Amino acid sequence: MSELFHQLGVDWKLLLSQGVNFLILLAVLTFFLFRPLLKVLEERKKKIELGLKVGKEAEERLLAIDKMKEEKLGEAEKTAFEIVKKGEAEAKAGADKIIMEGGKKADDILKEAGQIAERRQEEARLAMAKEAKALVRAAIIKTVQLDPNAVDAALVSQAVDEISGLSAKISRG
Amino acid sequence: MKYPAESYAKAFSEALEEHPSKKDHIIKSFLGAVYRNGDWPAIEKILNLITQKITHGAGGRVVSAEFARPLSDKLILEFKKEFSVKDHVEISLRPELVAGVRVLIDGEKELDMTLAKKINKLLQ
C-alpha cells in the first residue's frame, strides 16, 4: 500500500497532515464563515420571503381595495343614478304640479275675467235700462206737461169713480 | 216723547166733550202743555190724531188728498162731492206725483191715481 503511494508520488504523511489541515480549515471556516454566512443567508432568505409575503399581501390588499373601490364606485354610480332618477321624477312631478296649478290658475283667471266681463255687461245693461227708464219717464212727464190739466182731469175722474165705488161698497156693507 | 200722541188726543177730545164752552181755553192750555212737556216736535201727529178722533166721533172719515198741482175749481168740486160734510178732507200739493191724485182715507185705504205711480209700474 505504501509502496503504491510511493510509486504514485503520494506522501501519506503529507496527505494526512493536509487532511488534518483541511479538517481544521473546514472546522474554522465552518465555525467562522459558513455558519455566520448561512445565518446571514437564512435571515436574508427570511427577509426576502417576508418581503415577498408582505408584497403578496399588499398586492392582495390592493386587489381587494381595487375590488372594493370598483364595488363602491358601482354602488356610488347606482346611488347617483337613483338620486338623479329620483330627482328627475321629483322635478317632473314638480313641473307637472306647477303646470297643473298654472293651468288651474289660468282657468280661474279666465273664469274670473269672464265673470267680471259678465258683471260689467250686466252693470252696463242695468245702467242703460236705468237711463232708458229715466228718458221714458222724462218724455212722459214732458208730454204731460204740455197739457197737464187734461191728464189731471182724467186721473181725478178715475179716482172719483173709484171713491164712488168704494163708498157704495161701504154703504152696502 | 213724554206721553204718546194717542194719550194727548184722548185727553184733548175728552176735555172738549166735557167743557165745549171753554173750547178756546182748552186749546190754549193743551198746546201749552204739549210745549212744556217737550213734545212739540210731534204736534202734527197729535193734531192729526185729534182730527181723526173728532171726525170719527162725528161719523165721518179723514181724507187726505195729494195733487200734483192746483186743480181747477170744477175738478175740486167734482172731487169733494164724493165725500159727506162729516168727512174731513185735507188737500195738499206734491209736484213729484207728476199728475193725478193720491187719496188716503182714515190713514188706511189708499187710492193712488197718480201718473208717477203709473210710470213706475210701467217701467218696473
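Strand 1 and strand 2 of chain B are paired in the parallel sense through 6 bridges; two strands are taken to pair if DSSP finds at least two bridges between them. The model is a predicted one, in which local features need pLDDT of at least 70, side-chain atom pairs count only at pLDDT 80 or more, and totals for chains, interfaces and linings use all residues. Residues are numbered from 1 along each chain as its sequence is written, and chains are lettered from A and ligands numbered from 1 in the order in which they are written. Helices (H or I, at least four residues) and strands (E, at least two) are DSSP runs, numbered from the N terminus.

Strand 1 (residues 62-67) of chain B also pairs with strand 3 (residues 100-105) of chain B, in this case antiparallel and over 5 bridges. Phe67(B) takes part in both pairings: its bridge partner in strand 2 of chain B is Leu93(B), and in strand 3 of chain B it stands opposite Val101(B). In general, the strands of a sheet pair through backbone hydrogen bonds, either parallel or antiparallel. In chain B, 4 strands form an open sheet of mixed pairing, in the order 2-1-3-4. Strand 2 (88-93) and strand 4 (109-114) of chain B are at the edges with a single partner strand each, so one side of each has no neighbour in the sheet. Strand 2 of chain B is hardly covered, with 0 buried residues among its 6 residues. A residue is classed as buried if 20 or more other C-beta atoms lie within 10 Å of its own, as exposed if 12 or fewer do, and as partly exposed in between, with C-beta atoms placed from the backbone.

The loop between strand 2 and strand 3 of chain B contains Val98(B) and Pro95(B). Val98(B) counts as buried because it has 23 C-beta neighbours inside 10 Å. Although not a glycine, Val98(B) has a positive phi of about 70°. Most residues other than glycine have a negative phi. Pro95(B), in contrast, counts as exposed because it has 10 C-beta neighbours inside 10 Å. Apart from its neighbours within four places in sequence, Pro95(B) is in contact with Ala68(B) and Arg69(B), where contact requires that the C-beta atoms of two residues, placed from the backbone, lie within 7 Å. Between Pro95(B) and Ala116(B) the C-alpha to C-alpha distance is 9.8 Å, at a sequence separation of 21 residues.

Chain B as a whole comprises 5 helices and 4 strands, in the order α-α-α-β-α-β-β-β-α from the N terminus on. Of its 124 residues, 21% are buried. Of the contacts in chain B between residues at least 6 apart in sequence, 65% join residues at least 24 apart. Chain A has 3 helices and 0 strands, giving the pattern α-α-α along the sequence. Buried residues account for 3% of the 173 residues in chain A. An unreviewed UniProt entry lists residues 20-38 of chain A as "transmembrane region"; UniProt positions are given in the numbering used here, feature names are shortened, and annotations may be inferred rather than shown by experiment. This span of chain A is 100% helix and 0% strand, and its end C-alpha atoms lie 24 Å apart.

Between the chains, 20 residues of chain A are in contact with 19 residues of chain B. On the side of chain A that touches chain B, helix 2 and helix 3 (148-172) of chain A are the elements that give two or more residues. Helix 3 of chain A gives the most, with 14 residues. By class, this side of chain A has 12 nonpolar, 4 polar and 4 charged residues. Ala, Val, Leu, Ile, Met, Phe, Trp, Tyr, Cys and Pro count as nonpolar, Asp, Glu, Lys and Arg as charged, and the others, Gly among them, as polar.

Helix 2 (residues 12-146) of chain A packs against helix 5 (residues 115-123) of chain B at an angle of about 150°, and their axes are 11 Å apart. Axes are lines fitted to C-alpha atoms, for helices over the stretch in contact, and angles run from 0 to 180 degrees between N-to-C directions. The crossing of these two helices is right-handed; a crossing is right-handed if the near helix is turned clockwise from the far one by less than a right angle, and left-handed if anticlockwise. Lys133(A), Val136(A), Arg137(A), Ile140(A) and Val144(A) of helix 2 of chain A meet Leu115(B), Ile119(B) and Leu123(B) of helix 5 of chain B. This contact has 6 nonpolar, no polar and 2 charged residues.
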